[in-house]
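Please read the following report on helix packing, ligand surroundings and backbone geometry alongside the sequence and the coordinates.

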Amino acid sequence: MVKKSCMWKKKHRYIQKKEMAEEKQEVVLFPFMAQGHIIPFLALAQQLEKREKHNITIVNTSLNIRKLRSSLPPNSSINLLEIPFTPSQHGLPPNTENTDTIPYKLVIRLIQASTTLKPAFTDLLRNILLQNKTHKLLVVADFFLGWTAAVAKELGAFHAIFSASGGYGLACYCSLWLNLPHRRGDPTQEHLTLPDFPEARTIHRTQLPTNISEADGSDAWSVFQHQNLLEWVNSDGVLFNTVHEFDSVGLGYFKRKLKRPVWAIGPLLLSGSGSRGKGGGINPKLCTEWLDAKPSKSVLFVCFGSMNTISASQMMELGKALDRCGKSFIWVVRPPIGFDINSEFREDEWLPEGFVERVRESGKGLVVRDWAPQVEILSHSAVSVFLSHCGWNSLLESLSEGVPILGWPMAAEQFYNCKLLEEEVGVCVEVARGKSCEVKCEDIAEKIDLVMGETEKGVSMRKKAGYVRDLIRDALKDEDGFKGSSVKAMDHFLSAALS
Ligand SMILES: O=c1ccn([C@@H]2O[C@H](COP(=O)(O)OP(=O)(O)O[C@H]3O[C@H](CO)[C@@H](O)[C@H](O)[C@H]3O)[C@@H](O)[C@H]2O)c(=O)[nH]1
């Protein structure tokens with residue numbers, strides 16, 4: 001009898017819980033299939049989970065869902081839903097479901113292929129709506145998935161674009177796509193201005209990513225970007241993984257263009273990056289132990305994000321520069337451009353002679369293959385400066401810890417992220433530009449010395465980076481009745497989505 005009543009209570013509690021869950025607003029998050037996009041989406045999901053007012057579902061293709069599952073704690077209430085996708089139907093190698101396994105030139109194919117997910121995504125949303133009593137659905141989708149806005153609109157759901165990039169960088173990038181072409185006509189015209197974003201002042205031709213400098217409006221990238229940006233007008237607003245205090249100019253561009261609200265809710269940061277990427281690399285514990293043995297603010301961290309790499313000659317010069325400047329470093333390496341990104345790393349061929357043994361024996365450096373626990377590294381007190389490709393997540397992770405940046409932008413909006421942080425915020429020095437520029441080891445070493453040493457520039461950058469770290473912490477503060485700008489923006493966004 002006792003057993004029976006216990007079972008009844010359990011069942012009753014289960015039904016109650018289920019009913020409560022059904023009354024919550026459904027939130028469907030749909031990142032583009034790239035680590036630099038999935039990671040901040042996951043951080044957003046975790047932040048919404050804490051509010052306990054939503055049923056949260058992340059949608060993606062099966063391999064990405066598998067990876068996401070392994071990075072969620074077992075007690076997480078976040079649902080993961082697979083959407084069918086067959087890479088070979090789109091001319092992609094088998095198992096290509098994420099930009100981290102393909103060379104940059106195939107990225108556009110994956111982007112184009114993502115538009116074919118529309119029918120399956122529509123069915124998935126319909127099913128979620130059918131199962132939810134409140135019929136309240138909020139869809140948050142990646143800026144590359146503009147087509148999802150029309151789908152949400154048709155189903156009566158609230159839709160927001162989520163940008164994993166910052167406002168300023170994305171404003172320059174979008175403006176360039178909207179004002180094509182930029183191919184070299186007059187060779188004396190080295191500088192461009194953006195007609196709808198004059199705040200960026202001038203952009204040098206070398207700051208154009210290859211796909212933009214070659215675009216003529218009819219190539220695959222142009223066609224996609226144009227269509228995608230047009231679709232944004234169907235959305236109810238744009239969420240940015242950024243901080244209003246240092247990115248208001250770029251955010252203003254989108255308010256003006258779209259006449260929609262824009263919410264700066266960042267930085268959305270995930271910890272435990274060791275388990276969220278491709279794996280391999282280095283054991284995070286080993287990495288921390290190595291850093292523990294280093295003096296405070298003495299280590300340079302070098303990493304170019306989840307999908308970029310440099311040319312073989314640039315890699316060689318960077319290796320020589322690290323040798324020459326004598327600073328301690330952690331360098332995440334992957335095969336240079338033109339070689340299979342998933343192949344063995346040939347240190348004898350791509351790095352200076354004896355480099356790996358030399359740094360291992362002297363204890364000066366750690367050369368990590370493929371993937372390192374970046375967030376943990378940047379938060380270690382031994383780290384002084386981050387040599388980065390200026391992907392927006394990397395920059396936010398660095399600035400959240402007050403670590404200044406040596407910028408080596410390579411693609412997409414990275415050139416303008418670097419420009420913002422160098423020209424407007426003062427926490428970055430550009431060390432090189434692009435994946436094909438000629439670099440000299442002595443120039444790189446000189447810049448490393450400049451920012452890591454006790455130079456006027458180095459001291460000022462470190463001071464400013466500390467100031468930006470405090471700004472970021474304030475933006476995220478939610479205590480004693482004080483709400484920082486990013487917390488407030490999240491509140492405003494959610495109340496708009498519910499109303
Ligand atoms: O060894 C590594 C390499 C990367 N990461 C993580 O991977 C993410 C990389 O993101 P990001 O720095 O933004 O670089 P990308 O992967 O290149 O990001 C793409 O997406 C970004 C957000 O839209 C854009 O700013 C970039 O231009 C675009 O290349 C970060 O969270 C890193 O912490 C690691 O944890 N370990």
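This is a predicted model: local features need pLDDT of at least 70, side-chain atom pairs count only at pLDDT 80 or more; totals for chains, interfaces and linings use all residues.

Residues are numbered from 1 along each chain as its sequence is written, and side-chain values use heavy atoms, with hydrogens and water left out.

**Ligand surroundings**

The ligand is surrounded by 26 residues, of which the closest are S306, A372, S394, E397 and E413; a residue is counted here if one of its heavy atoms lies within 4 Å of the ligand. Polar contacts, meaning pairs of N or O atoms within 3.5 Å, are listed in the table.

| Residue | Protein atom | Ligand atom | Distance |
|---|---|---|---|
| A372 | backbone N or O | nitrogen | 2.7 Å |
| E397 | polar side-chain atom | oxygen | 2.6 Å |
| Q414 | polar side-chain atom | oxygen | 2.9 Å |

**Helix pairs**

Helices (H or I, at least four residues) and strands (E, at least two) are DSSP runs numbered from the N terminus. Axes are lines fitted to C-alpha atoms, for helices over the stretch in contact, and angles run from 0 to 180 degrees between N-to-C directions.

The axes of α12 (residues 312-325) and α18 (residues 441-452) come within 8 Å and cross at roughly 50 degrees; the two helices are therefore oblique to each other, a term for angles that are not under 35 degrees (roughly parallel), over 145 (roughly antiparallel) or 65 to 115 (roughly perpendicular). Their crossing is right-handed, which is to say that the near helix is turned clockwise from the far one by less than a right angle. On the α12 side the contact (heavy atoms within 4.5 Å) is made by E317, L318, K320, A321, L322, R324 and C325, and on the α18 side by C441, E442, I444, A445, I448 and D449. By class, this contact has eight nonpolar, no polar and five charged residues, where Ala, Val, Leu, Ile, Met, Phe, Trp, Tyr, Cys and Pro count as nonpolar, Asp, Glu, Lys and Arg as charged, and the others, Gly among them, as polar.

Helices α2 (residues 35-51) and α3 (residues 62-71) pack at an angle of about 45 degrees, with their axes 12 Å apart, and this crossing is right-handed. Here Q35, I38 and L42 of α2 meet N64, K67, L68 and S71 of α3, a set that divides into three nonpolar, three polar and one charged.

**Backbone geometry**

Most residues other than glycine have a negative phi, and most peptide bonds are trans. A cis peptide bond joins L180 and P181, with omega about -5 degrees, and P181 lies in the loop between α7 (167-178) and β6 (191-193). Another cis bond, between G266 and P267, has omega of about -5 degrees, with P267 in the loop between β9 (262-264) and α11 (284-292). R201, although not a glycine, has a positive phi of about 55 degrees, and R201 is found in the loop between β6 and β7 (202-204).

Notes:
A polar contact is a pair of N or O atoms within 3.5 Å; within protein, one must be able to donate a hydrogen and the other to accept it, and residues adjacent in sequence count only if both atoms are side-chain atoms.
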